[in-house]
Amino acid sequence: MHSNVNEKKIITILGATGSIGRSTIDVISKSPDLFNVHAVTANKNAAALAQVAKKVGAKKAVIADELKAGELEPALAGTGIIIEAGQDAISRVAGEKVDLVIAAIMGFAGLRPILAALEQGINIAIANKEPLVAAGEMITALAKEKGCTLIPVDSEHNAIFQVFEKHNIKQIDRLILTASGGPFLRWSKEEIQKATPEKAIEHPTWSMGAKISVDSATLMNKALEIIEAAHLFNMPAEKIDVVIHPQSIVHSIVSYKDGSMLSQMGASDMRTPIALALGWPHRLDNGGNVLDIATLTEGNGLTFEKPDTDKYPSLNYAYKCLELGQAACITLNAANEVAVARFLNHEIAFGDIMRCVTHSIDKLYPELVTSGVCDKNNLKTVEDIEKLDTIVRRATNNFIDSSCIPPA
Ligand code: NAD
Ligand code: MG
């Protein structure tokens, strides 16, 4: 348990201005007696960071983009909130003593801050899945070494965490991740290729940041979640399944060999898994949406179906990458991050995202293996992982520049 005298849990929120960050702030604002905020961080948006820092009464506000520190100063003048700036500052502050770090940065950029917190033995409520995809072994091994708990915030993994019987691990038959299917579930393959960023971020059941919304539309989000689950629960790929569940009410299932299928259900509201992670091992009143189960009437109930892997090849790539190993997972994630960013920038078509991803694994990865870059011995340190990530980003940008036509 946390040890501070006033019994409040002291937390740091990485990515405080994002979708998960803001929902976290919403949950803690319902329980002002339970939490104190040490630091909040953001990438570039100084005004938004100043606003959340003031709202939660943080001691520190840290901005990744050093050029934006000048904007933070007037915005926080007279508040006593300490300003720090730079990517390194985020990692440094992530390692400052608190009871819990909320890892809600978007993308691979969240890796170093996560490692910095774990180095100091700090428990992490982890929403930021890309670092788990790229460096799951390193993160889970460090957490184990330092005696830290990784509490999953991603709703599927949070659901599994709630019904995962550690003492019955051998009796677990499979983990079944539920997927909403995203906004294009009923679109044809041809229609999907031409979808715009505006359509892709209009998620039917969840309200989320832009990158993860696009990932939901390609089902890359679920692909990343397969790899995330393999690391968080130490499960082999063949024990992880995906089922489409468009209502997003059953948040995932652990299926035991005795035939019991344990799941966690609730409204599609990230405040529930966030509250579980913030309060753990206790539960909080989060003030979020509560599901009225009696509304799930006949014809309006829960449905499940197999994913269409022809329309959405991403899931197959997750299994393939788990089999190939860490270098492939880093490649998959980096190619996807680049492709999604360029799609959101209107530089490539929606269909090009999967072209980049498949190219990265079918073409680029084998080349990197041949050239020795992906050798296991070259992936021992965080610098090694970052180096490969950078190589894949560069190659993916080149692939886009040489083979994708910007959409009209
Ligand atoms: P978002 O884009 O809304 O917010 C991202 C946050 O990270 C912002 O505060 C931004 O300033 C910060 N950030 C972005 N790039 C950064 C960088 N290079 N360095 C430092 N800070 C940076 O994203 P989100 O939807 O809140 O998602 C955050 C993470 O949580 C992602 O990994 C996502 O996959 C995961 N997640 C999100 C949801 C959701 O409902 N939004 C659900 C499950 C998992
Ligand atoms: Mg999820």
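Is Gln-264 buried or exposed? At 10% relative accessibility, Gln-264 counts as buried. Here buried means under 20% relative accessible area, exposed means over 50%, and partly exposed lies in between (1.4 Å probe, protein chains only). Gln-264 sits in strand S11, residues 261-265. Helices (H or I, at least four residues) and strands (E, at least two) are DSSP runs, numbered from the N terminus. Gln-264 and Met-220 are separated by 44 residues in sequence and by 23 Å in space, C-alpha to C-alpha.

The model is predicted: local features need pLDDT of at least 70, side-chain atom pairs count only at pLDDT 80 or more, and totals for chains, interfaces and linings use all residues. Residues are numbered from 1 along each chain as its sequence is written, chains are lettered from A and ligands numbered from 1 in the order in which they are written, and side-chain values use heavy atoms, with hydrogens and water left out.

The metal site comes next. Asp-154 (OD), Glu-156 (OE) and Glu-225 (OE) coordinate the magnesium ion (ligand 2) at 2.1 to 2.2 Å. Donors are N, O and S atoms within 2.8 Å of the metal (3.2 Å for Na, K and Ca); water is not among the atoms, so sites may look incomplete. Along the chain, the donors of the magnesium ion follow the spacing D-x1-E-x68-E. Asp-154 lies in the loop between strand S7 (150-152) and helix H7 (155-163), and Glu-225 lies in helix H11 (residues 220-232), so the pair ties together parts that are 71 residues apart in sequence. Both Asp-154 and Glu-225 are buried.

Ligand 1 is surrounded by 24 residues. The closest are Thr-17, Ser-19, Ile-20, Asn-43 and Glu-130. A residue counts as near a molecule or strand if one of its heavy atoms lies within 4 Å of it. Polar contacts are pairs of N or O atoms within 3.5 Å; within protein, one must be able to donate a hydrogen and the other to accept it, and residues adjacent in sequence count only if both atoms are side-chain atoms. A polar side-chain atom of Thr-17 is 2.7 Å from an oxygen atom of ligand 1. Polar backbone atoms also take part: that of Asn-43 is 2.8 Å from an oxygen atom of the ligand, and that of Gly-15 is 3.3 Å from one. Taken alone, ligand 1 exposes 820 Å², and the protein buries 88% of that. Accessible areas come from the Shrake-Rupley method with a 1.4 Å probe; for residues, only the protein chains shown count as cover.

Several loops carry backbone features. Trp-280 and Pro-281 are joined by a cis peptide bond, with omega about 10°. Pro-281 lies in the loop between H12 and H13. Asn-234 is not a glycine, yet has a positive phi of about 50°. Its place is the loop between H11 and strand S9 (240-244). Asn-234 is exposed, with a relative accessible area of 67%. Ser-248 also has a positive phi, near 50°, in a residue other than glycine. Ser-248 belongs to the loop between S9 and strand S10 (250-256). Ser-248 is buried, at a relative accessible area of 6%.

Thr-79 occupies the loop between helix H3 (69-76) and strand S4 (82-85). Thr-79 is partly exposed, with a relative accessible area of 36%. The side chain of Thr-79 reaches the backbone nitrogen of Ile-81 at 3.1 Å. Thr-79 and Lys-54 are 25 residues apart in sequence and 7.6 Å apart in space, C-alpha to C-alpha.
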